[in-house]
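Q: Hey, I'm new to this one and would like a quick tour. Can we go through it bit by bit?

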Amino acid sequence: MAFKMKKFGEIRVDRAPLDSGVLAEARNDGTIVIDANANLNKKQMNRVIKHEMKHMQDMEEGRADYGDEWLMWDGNIYLRRTIDGEKVIDGPAGRLPEGHEDHPWEAEAIAAETKNNNKKEDYGV
């Protein structure tokens, strides 16, 4: 499965093993990876792809980017850390686990999951 975006070109959706508790991730190489062990029905898969496509759109627009030890959101850099084995981000809402719904980038991606359309322009295409 693939989508097209201006910056990344074709967005590939692949399946591969991911860290425990991670269902999917948008990578800054233009790939969305869904956990190989996730047993998703069509509706769940659609929501996951919409969520990750929102992250891809944010990266495409320059609102988001990331590295191993940092995450950029709306021009601000937030540090990633591992504390007692848990991956956290010191973000605008405080120190929260990666993927937490209170991180603003996650809140927007969660909202995108339930958009009731599939227009390409929703993803900056």
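Predicted model: local features only at pLDDT ≥ 70, side-chain atom pairs only at ≥ 80, totals over all residues.

Q: Where is Asp35 found?
A: In strand β4, which covers residues 31-35.

Q: And what is Asp35 in contact with, leaving aside its neighbours within four places in sequence?
A: Asp35 touches Arg15, Ala16, Pro17, Leu18, Val22 and Leu23.

Q: Let me zoom out. How many helices and strands does the protein have?
A: Two helices and nine strands. Going along the sequence, the pattern reads β-β-β-β-α-β-β-β-β-β-α.

Q: How much of the protein counts as buried?
A: 38% of its 125 residues. As for how the chain meets itself, take the contacts between residues at least 6 apart in sequence: 36% of them join residues at least 24 apart.

Q: Now the helices. How do you even describe two packed helices?
A: You give the angle between their axes and the distance between the axes.

Q: So what are the angle and distance for α1 and α2?
A: Helix α1 (residues 42-60) packs against helix α2 (residues 104-113) at about 135°, and their axes are 8 Å apart. That angle makes α1 oblique to α2.

Q: Is the crossing of α1 and α2 left-handed or right-handed?
A: Right-handed.

Q: Which residues make the contact?
A: From α1 you get Arg47, Lys50, His51, Lys54, His55 and Asp58. From α2 come Trp105, Glu106, Glu108, Ala109, Ile110, Ala112 and Glu113. By class, the contact of α1 with α2 has seven charged, four nonpolar and two polar residues.

Q: What about Ala111, where is that one found?
A: Ala111 is in helix α2. Its relative accessible area is 46%, so Ala111 is partly exposed. The C-alpha atoms of Ala111 and His51 are separated by 8.0 Å, although the two are 60 residues apart along the chain.

Q: Switching topic: how many aromatic pairs does the count come to?
A: Two. One of them is Tyr78 with Trp105, a tilted pair with 6.1 Å centre to centre and 35° between the planes.

Q: Which parts of the chain does that pair link?
A: Distant ones: Tyr78 is in strand β7 (residues 76-83), while Trp105 is in helix α2, 27 residues apart. Trp105 also takes part in the contact with α1.

Q: Are Tyr78 and Trp105 buried or exposed?
A: Both Tyr78 and Trp105 are buried.

Q: Which residues do the ring pairs link into a cluster?
A: Trp73, Tyr78 and Trp105.

Q: Since we're at β7, what about Asn76?
A: Asn76 lies in that strand. It counts as partly exposed, because its relative accessibility is 39%. C-alpha to C-alpha, Asn76 and Pro92 are 9.1 Å apart in space and 16 residues apart in sequence.

Q: Where are Asp74 and Asp84?
A: Asp74 is in the loop between β6 (70-73) and β7. Asp84 is in the loop between β7 and β8 (86-91).

Terms used
Residues numbered from 1 in each chain as written. Heavy atoms only, no water. Axes fitted to C-alpha atoms, helices over the stretch in contact; angles between N-to-C directions. Helix = DSSP H or I, 4+ residues; strand = E, 2+ residues; numbered from the N terminus. Parallel < 35°, antiparallel > 145°, perpendicular 65-115°, else oblique. Left-handed = near helix turned anticlockwise from the far one by under 90°. Contact = heavy atoms within 4.5 Å. Nonpolar A, V, L, I, M, F, W, Y, C, P; charged D, E, K, R; others polar. Phe/Tyr/Trp six-rings, centres within 6.5 Å; stacked < 30°, edge-to-face > 60°. Buried < 20%, exposed > 50% of the residue type's maximum accessible area, 1.4 Å probe, protein only.
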